[in-house]
Amino acid sequence: MIEQVSLTYTNTFFVKSAAKLSQCPTDILREVAFAGRSNAGKSSALNTLTELKKLARTSKTPGRTQLINFFQVGEAPLALVDLPGYGFAKVPVAVKNEWQKELDHYLNNRDSLVGLVLLMDIRHPLKEFDNAMLDWAGETGMPVHILLTKADKLKRGPAQSTLLKVKKAVADLGDLVTVQTFSSLTGDGMKELKRRLNTWLLPPLLADDEQADDDVADDDLNTTV
């Protein structure tokens with residue numbers, strides 16, 4: 001059995017921004033997308049995860065992320081993806097509709113997408129967009145990890161109560177959905193988030209290594225026979 005390896009998220013760097021699926025990079029093997037309402041703290045979570053304050057753009061005006069932004073993790077063809085926020089962006093309805101159309105195209109047709117981190121403000125979880133994403137995940141079988149962000153805004157008791165409430169709400173999706181509390185301000189929940197990302201991004205690479213070891217063993221056996 002091969003021991004679990006952890007990616008070094010501090011080695012993450014910007015690769016490309018795409019307005020639509022056809023513009024997304026073609027050399028990424030596996031990627032995990034971060035999605036959420038415009039005030040959920042996606043950019044802050046990515047910056048805290050990578051320890052790079054300016055990796056993902058943050059703004060006091062929600063909804064400034066209008067493109068699909070790709071960040072490669074180290075030298076391997078693995079990426080974190082910052083999706084356009086949804087909800088409070090002060091843009092015309094036609095633009096919002098275009099964002100939604102391209103987001104749908106990406107989610108349903110991006111072959112390298114292996115998991116979705118769905119961020120929700122712990123004080124306002126399971127809004128319309130969140131539930132729509134969970135419904136889509138249930139239909140497509142896409143694994144989702146819910147980050148209840150801004151956990152530092154609540155005391156431990158209310159935070160845990162909300163965590164249990166959300167877990168109960170998604171229980172019918174079984175192992176497809178996992179939930180945790182998270183704070184970009186304090187870093188609480190960072191280890192759990194990294195473990196989840198590792199399970200999505202690393203296993204096939206490890207499996208390939210394991211298969212390669214088996215092939216070498218077979219070759220050695222054939223040579224000695």
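Which exposed residues does the face of helix 4 turned away from its buried side carry? In this predicted model, that face carries Leu164, Lys165 and Lys168. The setting of helix 4 is described below, beginning with the whole chain.

The protein chain has six helices and seven strands. Read from the N terminus, the elements follow the order β-β-α-β-β-α-β-α-β-α-β-α-α. The chain holds 225 residues, and 43% of them count as buried. Its accessible surface comes to about 12200 Å². Carbon and sulfur atoms make up 51% of that surface. Contacts with a separation of 6 or more were also examined. Of these, 73% join residues 24 or more positions apart.

Helix 4 covers residues 156–169, a run of 14 residues. From its first C-alpha to its last, helix 4 reaches 20 Å. This is close to the 20 Å expected at 1.5 Å a residue.

Four positions of helix 4 are named here as buried: Ala159, Thr162, Leu163 and Val166. Seen down the helix axis, the buried residues fall within an arc of 105 degrees, so they line one face of helix 4. An α-helix has 3.6 residues a turn, so residues three or four places apart point the same way.

Key. Residues numbered from 1 in each chain as written. Predicted model: local features only at pLDDT ≥ 70, side-chain atom pairs only at ≥ 80, totals over all residues. Heavy atoms only, no water. Helix = DSSP H or I, 4+ residues; strand = E, 2+ residues; numbered from the N terminus. Expected span 1.5 Å × (residues − 1). Buried < 20%, exposed > 50% of the residue type's maximum accessible area, 1.4 Å probe, protein only. Arc of directions from axis to C-beta. Contact = heavy atoms within 4.5 Å. Areas by Shrake-Rupley, 256 points an atom, 1.4 Å probe, with all protein chains shown as cover.
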